[in-house]
Amino acid sequence: MQSVHVRQITLTDYTSKVRRHIIKELGEMRMADVTLDDIQLALVPVSKKSASVYKAVVILYKSIFRAAKESHVIEVNPTLHLNAKGGGVPQEDRQALTDEQVEQLLDAIRDLPPYVSVMIGLYAGLRREEALALQWDCVFLDVPTPYISVRRAWRAEHNRPVISTVLKTKAARRDIPIPKCLADCLREAKVTSTSDYVIADSEGQPLSYSQFKRVWQYIVVRSTKEKRR
């Protein structure tokens, strides 16, 4: 897999998929005995997952058996004609929130801790790993056009937050102009912040994975209650 060129978070994801979908199904077989039919049968449960997961598992199968062939562990590569096309459940098109839905969401969490993170998601479009890694040194509010500079990424290892300057792609490093409503929100948040991080826990540290899940669930519950009123 040439792990020296693979990000740790990607390597962790690969390891999980290999354990769940490859070793679990074929781990007791000798590699030389595995046929294309065996692999296709093992992929049946994976076909019920998302198309992206299915494709990733197929790529892992092909990489593993190609490496085994090149290393003379097996004589025949059973994945030569294995194809990910059409496998897995296609992702449904996501519908953007309407103006009314945005207002309902913000009203449900206004003046509460998740408010800033939701504003960043709505009006800057940052991914989760970008928003949770955002520090104040990358928030520029005292300029003619306020903007956020994406320079760090968050990931969780054993539930602990890890902040890295290694981004997903070169294009991920970018400057994002922000509207007045978000700039005003961030100015207000910065006044009371005691952390280097825009989104932080009570000790000023970036959120762990479990903390993020609790925050997200809190948002879901609050916004659901607001809809029922």
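Predicted model: local features only at pLDDT ≥ 70, side-chain atom pairs only at ≥ 80, totals over all residues.
Residues are numbered from 1 along each chain as its sequence is written, and side-chain values use heavy atoms, with hydrogens and water left out.

Helices (DSSP runs of H or I, at least four residues) and strands (runs of E, at least two) are numbered from the N terminus. Helix 1 (residues 8-26) packs against helix 3 (residues 51-70) at an angle of about 75 degrees, and their axes lie 10 Å apart. Axes here are lines fitted to C-alpha atoms, for helices over the stretch in contact, and angles run from 0 to 180 degrees between N-to-C directions. Helix 1 and helix 3 are therefore roughly perpendicular to each other; the classes are roughly parallel under 35 degrees, roughly antiparallel over 145, roughly perpendicular from 65 to 115, and oblique for the rest. Contact means heavy atoms within 4.5 Å. From helix 1, Tyr-14, Lys-17, Val-18, His-21, Ile-22 and Leu-26 meet Val-53, Ala-56, Val-57, Leu-60, Tyr-61 and Ile-64 of helix 3. The residues of this contact comprise ten nonpolar, one polar and one charged. In this classification Ala, Val, Leu, Ile, Met, Phe, Trp, Tyr, Cys and Pro count as nonpolar, Asp, Glu, Lys and Arg as charged, and the others, Gly among them, as polar.

Strands are taken as paired if DSSP finds at least two bridges between them. An open sheet is formed by three strands in the order 1-2-5, with antiparallel pairing. Strand 1 (139-140) and strand 5 (174-177) are at the edges and have a single partner strand each, so one side of each lacks a neighbour in the sheet. Four bridges connect strand 2 (residues 147-150) with strand 5 in the antiparallel sense, and Ser-149 is opposite Asp-175 of strand 5.

Strand 3 and strand 4 also run antiparallel and are joined by five bridges. Ala-153 has Ser-164 in strand 4 as its bridge partner. The hairpin of strand 3 and strand 4 has two residues between the strands, and His-158 takes a positive phi near 55 degrees there. Asn-159, in the loop between strand 3 (153-157) and strand 4 (160-164), has a phi near 75 degrees, likewise a positive value in a residue other than glycine. The relative accessible area of Asn-159 is 35%, and the residue is partly exposed. For accessibility, buried means under 20% relative accessible area, exposed over 50%, and partly exposed in between (1.4 Å probe, protein chains only).

A positive phi, near 65 degrees, is also found at His-72, a residue other than glycine. His-72 is located in the loop between helix 3 and helix 4 (99-109) and is exposed, at a relative accessible area of 71%.

Side chains of opposite charge can pair when their charged atoms come close. With a salt bridge defined as a side-chain nitrogen of Lys or Arg within 4 Å of a carboxyl oxygen of Asp or Glu, the count comes to ten salt bridges. One of these is between Glu-130 and Arg-174, with an N to O distance of 2.9 Å. This pair links distant parts of the chain, as Glu-130 belongs to helix 6 (residues 128-131) and Arg-174 to strand 5, 44 residues apart. Glu-130 is buried at 5% relative accessibility, whereas Arg-174 is partly exposed at 25%. Arg-127, Glu-130 and Arg-174 are linked in a network of salt bridges.

Arg-110 and Asp-107 form another salt bridge, in which the closest N and O atoms are 2.7 Å apart. Arg-110 is partly exposed, with a relative accessible area of 36%, and Asp-107 also counts as partly exposed, at 41%. In the salt bridge of Asp-33 with Arg-30, the closest N and O atoms are 3.4 Å apart. Asp-33 is partly exposed at 42% relative accessibility, while Arg-30 is exposed at 55%.

Ser-195 occupies the loop between helix 7 (180-192) and helix 8 (209-228). Ser-195 is buried, its relative accessible area being 11%. Apart from residues up to four places away in sequence, Ser-195 touches Trp-136, Ala-200 and Gly-204.
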